[in-house]
Amino acid sequence: MMAWSGKNYKWFYDHIHSRYYALLVKWCFRPFGGEDRVRKELIARIDFSSREKILDMCCGIGGVTFVMAGKAGKDSEIVGMDLSSGQIAIARKNNRFGNVRFIEGDVTGTGLEDGYFDKVFITHALHEMPGEVRQRVLSEARRVLKKNGEVIILELDDPGNILIRLFIGLWFFYWLPFNFETSTRRDMLRHGLVTELETAGFRNVTKQSKYRGVFQVVRGIHGG
């Protein structure tokens with residue numbers, strides 16, 4: 001769920017999209033082995049320590065949040081934040097972890113403490129945002145991270161293989177004329193998340209392509 005949307009968009013997520021979001025995610029991940037497998041694979045190379053503080057920006061209904069909670073130590077503190085009250089309500093209902101909590105909020109200005117978190121995840125949301133809003137979200141992620149803390153972005157990518165691009169375009173409904181993500185997704189891919197993280201002040205930025213370029217995992221370090 002994106003953080004920058006206006007009242008109409010928020011209403012759509014709160015009252016309509018949240019009701020079928022879980023089904024939509026299952027559909028999107030089905031060609032890759034299913035939602036659970038994909039989410040685990042995307043964070044497979046990320047190490048978690050036993051007492052970390054982790055923020056999941058744009059957490060939606062908590063799909064990635066719960067997977068990271070399964071990997072993180074039970075003494076970790078994990079916070080999921082999303083602008084949509086409808087999605088947060090579902091995440092809270094499905095939460096079975098004592099060290100996970102969900103809060104409704106705008107990730108362009110979380111109101112959370114400076115330098116509090118060891119890791120900040122931004123999960124499948126930046127492609128919905130215009131460039132200036134992506135930069136605000138990245139700046140906020142950097143603000144709430146500790147020095148040497150890490151931001152991890154799980155996102156769509158642009159496969160090099162034309163056949164894969166055509167399949168994904170059909171499967172992910174890119175062909176729909178009213179797909180609001182089309183222009184912002186293209187803008188994100190054109191600028192590149194590696195460049196945008198470096199612009200936001202992160203160092204040691206790396207990108208890992210997954211599933212033949214359908215998804216990407218981009219990571220950067222808060223250098224102080």
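Strand S7, residues 215–222, is mostly covered, with 8 of its 8 residues buried (under 20% relative accessible area with a 1.4 Å probe and protein chains only; exposed is over 50%, partly exposed in between). Strands are DSSP runs of E with at least two residues, and helices are runs of H or I with at least four, numbered from the N terminus. This is a predicted model, in which local features need pLDDT of at least 70 and side-chain atom pairs count only at pLDDT 80 or more, while totals for chains, interfaces and linings use all residues. Residues are numbered from 1 along each chain as its sequence is written, and side-chain values use heavy atoms, without hydrogens and water.

In a regular strand the side chains alternate between the two faces of the sheet. In S7, Phe215, Val217, Arg219 and Ile221 point one way, and Gln216, Val218, Gly220 and His222 the other.

S7 pairs antiparallel with S5 (residues 145–156) over 7 bridges; pairing requires at least two DSSP bridges. Gly220 is the bridge partner of Val151. S6 (residues 202–210) also runs antiparallel to S7, joined by 7 bridges, and Thr206 is partnered with Arg219. S6 and S7 form a hairpin with 4 residues between them, and Tyr211 in the turn has a positive phi of about 55 degrees.

Tyr211 also belongs to an aromatic cluster with Phe29, Phe32, Phe172 and Phe215. Rings of Phe, Tyr and Trp (its six-membered ring) pair if their centres lie within 6.5 Å; planes under 30 degrees apart are stacked, over 60 edge-to-face, the rest tilted. The count is 11 aromatic pairs. Phe32 and Tyr211 are edge-to-face because their ring centres are 5.5 Å apart and their planes at 70 degrees. The two residues are 179 residues apart.
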